[in-house]
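The sequence and the structure are shown first, and the description follows.

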Amino acid sequence: MAGRNSATKRPTRTYLSKDQLATAVRLMLTIREFDEQAMALYRAGEMRGTTHPYIGMEAVGTGVMTALRPDDYVTSTHRGHGHTIAKGGDIRKMMAELLGRATGYSGGKGGSMHIADMDKNMLGANGIVGGGIGLAAGAALTAKLQGSGRVAVCFFGDGALNQGILHEVSNLSAIWKLPVVFVCENNQYAMSARADWSVAGGDPAGRAAAYGIPGVNVDGMDFFAVYDAASKLVQRAREGGGPSYLVCQTYRYHGHHAGDPLNYRQKEEVERWRKLDPIDRLTQALLSGKVLTEAEIAATRQSVVEAVQEAVEFAKSSPEPGVDQLMTDVYA
Ligand SMILES: Cc1ncc(C[n+]2csc(CCOP(=O)(O)OP(=O)(O)O)c2C)c(N)n1
Ligand SMILES: [Mg+2]
């Protein structure tokens with residue numbers, strides 16, 4: 001984390017520089033614009049396969065990533081664009097991957113759920129629900145054995161709460177005091193299954209007690225709440241305190257994937273969550289705290305739209321992988 005000297009004191013007890021806060025705004029706007037354009041490309045029939053939009057959940061990925069060092073590890077999910085963007089990924093290579101182009105992260109052969117950026121220590125999206133959980137513990141074990149001081153953050157959805165791997169990995173991480181933070185993005189649904197119908201025991205953060213580790217539940221629509229909680233848990237892990245659970249209450253504005261008919265939830269529910277919009281809340285806080293001006297925010301919005309448009313053009317003008325690539329990157 002940089003910029004402590006020019007720190008802005010926030011009423012939330014959060015110390016972040018103007019640069020860091022402006023970056024958070026830019027990242028959240030980029031995530032939203034990127035996924036809006038990805039959905040538009042899907043609807044226009046330009047994308048093979050599908051895409052899972054992170055729209056509405058931007059404060060979670062951005063708040064957590066703001067609390068990390070660049071060399072910290074992250075594992076992601078099928079809804080991974082926001083994590084990759086917030087970890088510093090390249091939106092041109094991401095968009096090219098979505099459109100199946102050779103310039104994409106996986107040479108255009110993987111699509112949305114096969115985006116990783118090892119240079120940024122983003123260990124990858126994952127099409128298997130809960131698939132990143134074991135990888136994060138492995139990365140954390142590496143950090144511990146090497147004494148590197150690095151931390152692993154594992155994002156997963158409410159749907160992964162009931163996967164057996166989470167229990168096994170939580171137990172082992174606690175026993176071995178691994179530097180890992182398990183971040184549950186409770187966006188209230190796993191496909192069409194409501195979390196309050198499918199997750200036993202009320203607040204999932206309470207499950208942490210069974211492993212003797214901290215469990216914290218925060219408003220995932222509030223950048224500062226996520227950042228504050230993540231900072232403490234990451235710091236604790238870095239100092240040898242071991243793993244923890246961070247449960248973020250959030251919502252996906254759109255369907256499970258871009259083609260979801262969305263016939264399982266009420267309009268009023270969506271409207272209630274949209275009133276808590278994480279981008280509006282952060283920009284309003286920064287305007288009223290006189291950290292950023294309307295003009296600065298408008299300029300950021302404009303440059304984000306242009307950057308994503310440029311990424312779309314880059315992707316569209318890139319070639320598809322050739323037939324000679326058919327058998328490369330095949331491991332089994
Ligand atoms: C092991 C496994 N089981 C089932 C699926 C099918 N599936 C894909 S996404 C999903 C729901 C995941 O919900 P959640 O973990 O809450 O993440 P969200 O989509 O809400 O971000 C399911 C069941 C899968 N990909 N992997
Ligand atoms: Mg979910």
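## Helices α1 and α2

In this predicted model, helix α1 crosses helix α2 in a right-handed manner. Helix α2 spans residues 58–66, and the axes of α1 and α2 come within 10 Å, crossing at roughly 145 degrees.

On the α1 side, the residues in contact are Gln 20, Ala 24, Leu 27, Met 28, Ile 31 and Arg 32. They meet Glu 58, Ala 59, Gly 61, Thr 62 and Thr 66 of α2. By class, this contact comprises 5 nonpolar, 4 polar and 2 charged residues.

## Helix α1 and its end

Helix α1 itself contains 26 residues. From its first C-alpha to its last it reaches 38 Å, which is close to the 38 Å expected at 1.5 Å a residue. Just after α1, Gly 45 adopts a positive phi of about 75 degrees.

## Helices α1 and α10

Helix α1, residues 18–43, also packs with helix α10, residues 278–288; their axes come within 10 Å and cross at roughly 155 degrees. Angles over 145 degrees count as roughly antiparallel, and α1 and α10 are therefore roughly antiparallel to each other. Their crossing is left-handed.

From α1, the contact involves Leu 21, Ala 24, Val 25, Met 28, Leu 29 and Arg 32. Their counterparts in α10 are Pro 278, Ile 279, Leu 282, Thr 283 and Leu 286. The classes represented are 9 nonpolar, 1 polar and 1 charged residues.

## Helices α5 and α6

Helix α5 covers residues 131–146 and helix α6 covers residues 164–175. The two pack at an angle of about 15 degrees, with their axes 9 Å apart. Angles under 35 degrees count as roughly parallel, and α5 and α6 are therefore roughly parallel to each other. The crossing of α5 with α6 is left-handed.

In α5, Ile 133, Gly 134, Ala 137 and Ala 140 take part in the contact. In α6, the residues they meet are Ile 165, Leu 166, Val 169, Leu 172 and Ser 173. This contact has 7 nonpolar and 2 polar residues, with no charged residues.

## The surroundings of ligand 1

Ligand 1 is surrounded by 15 residues. The closest of these are Arg 79, Val 129, Gly 157, Gly 159 and Ala 190. By class, the shell is made up of 6 nonpolar, 7 polar and 2 charged residues.

Technical notes. Residues numbered from 1 in each chain as written. Chains lettered and ligands numbered in written order. Predicted model: local features only at pLDDT ≥ 70, side-chain atom pairs only at ≥ 80, totals over all residues. Near = placed C-beta within 6 Å. Nonpolar A, V, L, I, M, F, W, Y, C, P; charged D, E, K, R; others polar. Axes fitted to C-alpha atoms, helices over the stretch in contact; angles between N-to-C directions. Helix = DSSP H or I, 4+ residues; strand = E, 2+ residues; numbered from the N terminus. Parallel < 35°, antiparallel > 145°, perpendicular 65-115°, else oblique. Left-handed = near helix turned anticlockwise from the far one by under 90°. Contact = placed C-beta atoms within 7 Å. Expected span 1.5 Å × (residues − 1).
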